[in-house]
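Please read this briefing alongside the sequence and the three-dimensional view.

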Amino acid sequence: MSEDNDLKNFLIKKGASKVGFANVDGLAEGFIDLPYGISLVLKIPKKAMIYIENEDYESYWSCFHSLIDRLTEISIKGEKYIKNHGYDAFALTMSRNECDMKRLLSILPYKTIATKSGLGWIGRSALFVTPDYGSAVVLGGILTNMPLTFGTQITDSQCDDCENCQKACPVGAINPQKWNTKLNRNDIIDIGKCREYIVEQYKNGLGCTKCMYECKLTKKYLGRL
Ligand code: SF4
Ligand code: SF4
């Protein structure tokens, strides 16, 4: 079995739901000089989605944060695994990916590695969408120079005629424009409007996960279609 297949199996065994490989050469320039990206996808358990249905955001966020911790653990274990095999690696944990909270941007977006790996696309909601779990996923990544067999990049939305998330957004933040790699995030979502609403919701111990929950493919994953 090839080295990258062994790595994929290792990461799946550690808990990743999906793993993909992509060429991200130059995309993290000035940050870390490693040309290849490993996309880690962790599905949000159905149990957590039921918390949303019940508007039990305290339980939902607690579950969400433990998923982020798990993702961090998996990526650190992946980094160690790769280094033990003689290559360089850098786990892109959330704290290392230095998110600009004001503009909600990171140095190398997990979504970029994931779409380049062919694991899914950017939905109308600007969330990452997978065929198997819809938007009910959290994403992580690892950078490396280990030779990898890249997936086929997805460059266009596969949302087709679906507008569920757009219709579900309480503040009309989602534009009708479907994603492709030539567009900027601002073309598909008014992130300021979304953020403002979420901040207000947090103040009341709530949140907004409507576009994630109402995604056609999330519903399919939950067996609600
Ligand atoms: S999180 Fe809520 S406010 Fe933001 S885009 Fe999704 S549905 Fe709209
Ligand atoms: S709800 Fe429909 S349009 Fe929105 S991200 Fe999901 S599949 Fe795409």
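In this predicted model, Val41 stands opposite Leu139 in strand 6. Strands (DSSP runs of E, at least two residues) and helices (runs of H or I, at least four residues) are numbered from the N terminus. Two strands pair if DSSP finds at least two bridges between them.

**The sheet**
- Strand 2 (residues 36-43) and strand 6 (residues 137-144) run antiparallel and are joined by eight bridges.
- The open sheet consists of four strands in the order 1-2-6-3, with antiparallel pairing.
- Strand 1 (18-23) and strand 3 (89-91) each have a single partner strand, so these edge strands have one side without a neighbour in the sheet.
- From one strand to the next, the twist averages 25 degrees; axes are lines fitted to C-alpha atoms, for helices over the stretch in contact, and angles run from 0 to 180 degrees between N-to-C directions.

**Helices across the sheet**
- Helix 1 (residues 3-13) lies across strands 1, 2 and 6, at about 140 degrees to strand 1; contact means heavy atoms within 4.5 Å.
- Helix 3 (residues 57-84) lies across strands 2, 3 and 6, at about 20 degrees to strand 6.

**Ligand 1**
- Among the residues around ligand 1 are Cys169, Cys194, Cys208 and Cys211; a residue is near a molecule if one of its heavy atoms lies within 4 Å of it.
- Helix 7 (191-203) and helix 8 (210-213) each supply at least two residues of this shell, and helix 7 gives the most, with three.
- The shell around ligand 1 has ten nonpolar residues, no polar and one charged; Ala, Val, Leu, Ile, Met, Phe, Trp, Tyr, Cys and Pro count as nonpolar, Asp, Glu, Lys and Arg as charged, and the others as polar.

**Ligand 2**
- The residues surrounding ligand 2 include Cys159, Cys162, Cys165 and Cys215.
- Five nonpolar, three polar and two charged residues make up the shell around ligand 2.

**Conventions**
- Residues are numbered from 1 along each chain as its sequence is written, while chains are lettered from A and ligands numbered from 1 in the order in which they are written.
- Local features need pLDDT of at least 70, side-chain atom pairs count only at pLDDT 80 or more, and totals for chains, interfaces and linings use all residues; side-chain values use heavy atoms, leaving out hydrogens and water.
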